[in-house]
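Reader: I'm new to reading protein models. Could you walk me through this one?

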Amino acid sequence: MTPDRRSLLAGLAGAALAGPALARSTGVLDRLGLADPDKATDAFVRMRCNLPGQWGTWVYRGDLLVRPQGQLAQSVCRIEGISFNRAVRRPDGGWDYELEEVGYYCANDTGRPADRIVNPFTGATVSVRHYRSPQKLTFADRVVRPNQDLPPGISYRGVITAPVEIGENVFASEDLYVSSPARPATADRPARAARIQTSLAMFQVRGRDLLRPGWVPATNHYSTMNDIIDWLDMGSMPGVQNMRLVMTKGQDLSRAPAWLLERARADHPTFFEGRPA
């Protein structure tokens, strides 16, 4: 290959790589006035939720990755789940937010819920604890606050990040930082060390969808930086776990796998009451 041809091909490859990075923003942030915290919060609610007061859905999947201190991370299992959420406008202009989700830890080889898995770091077979978890929050001024009393000793900070526009897309994240104190052993519960939990939920929409009234399609790239989950039976071993999920937003559960809906209805029939199927 001649030097001129090599230089030409390198230049074309560089242009192809640089193209997306040079995409021009469409000015959505300025047009919507999203430098204002209240307007940014309202835009975030549209990204995260269905129309005001209406239940919306998220369908998600991903991996539970664990990295003990000094070791390489590994995927311990897969995750599949669904959630319902909604936001209702408060008299003070903020939002009352409610979410409830059902999730399953799944075997890496089958992708289906597992009752027991082998911990790749210890070699021990451990019992899996699937989850149904509720959440109630308040959104206002790009601040996220719990909308329920927290147990004593809990430290909590939540923020909605300033929206970012890249090309035709707008991004904003809900970041939650929580610490809980050590818990002494009781007759029916083992002791637990102090725990740190970090939840980072990055939402992505097309700017043109934010400019239009009504429902906004969105995706969510979610990750955590938490202490290692207790059911892995790793004791006080220092390390980090990352629940890494991709999610798609909907107004019903038509995008959820049939097996996941069947399992969730069998395990949690009240989860679906009064919510879109």
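Author: Below are a few questions and answers about this model, which is a predicted one.

Reader: Where does N50 sit, and is N50 buried or exposed?

Author: N50 is in the loop between α3 (37-48) and β1 (56-68). To count as buried, a residue needs a relative accessible area under 20%. N50 has 8%, so it goes down as buried.

Reader: Which side chain makes a polar contact with the side chain of N50?

Author: Let's start with the neighbours: leaving out residues up to four places away in sequence, N50 touches W55, G56, W215, K249 and Q251. A polar atom of the N50 side chain lies 2.9 Å from the backbone oxygen of W55, but that's backbone on the W55 side. The side-chain partner, at 3.2 Å, is Q251.

Reader: Which residue caps the N-terminal end of α3?

Author: Look for a side-chain oxygen by the backbone nitrogen of D38. One lies 2.9 Å away, and it belongs to D36.

Reader: How many disulfides are there?

Author: A disulfide is a covalent bond between the sulfur atoms of two cysteines. Here C77 has its closest cysteine sulfur in C106, 7.6 Å away. The cut-off is 2.5 Å, so that pair is too far for a bond. The count comes to 0.

Conventions: Residues are numbered from 1 along each chain as its sequence is written. This is a predicted model: local features need pLDDT of at least 70, side-chain atom pairs count only at pLDDT 80 or more; totals for chains, interfaces and linings use all residues. Side-chain values use heavy atoms; hydrogens and water are left out. Helices (H or I, at least four residues) and strands (E, at least two) are DSSP runs, numbered from the N terminus. Buried means under 20% relative accessible area, exposed over 50%, partly exposed in between (1.4 Å probe, protein chains only). A polar contact is a pair of N or O atoms within 3.5 Å; within protein, one must be able to donate a hydrogen and the other to accept it, and residues adjacent in sequence count only if both atoms are side-chain atoms. Contact means heavy atoms within 4.5 Å.
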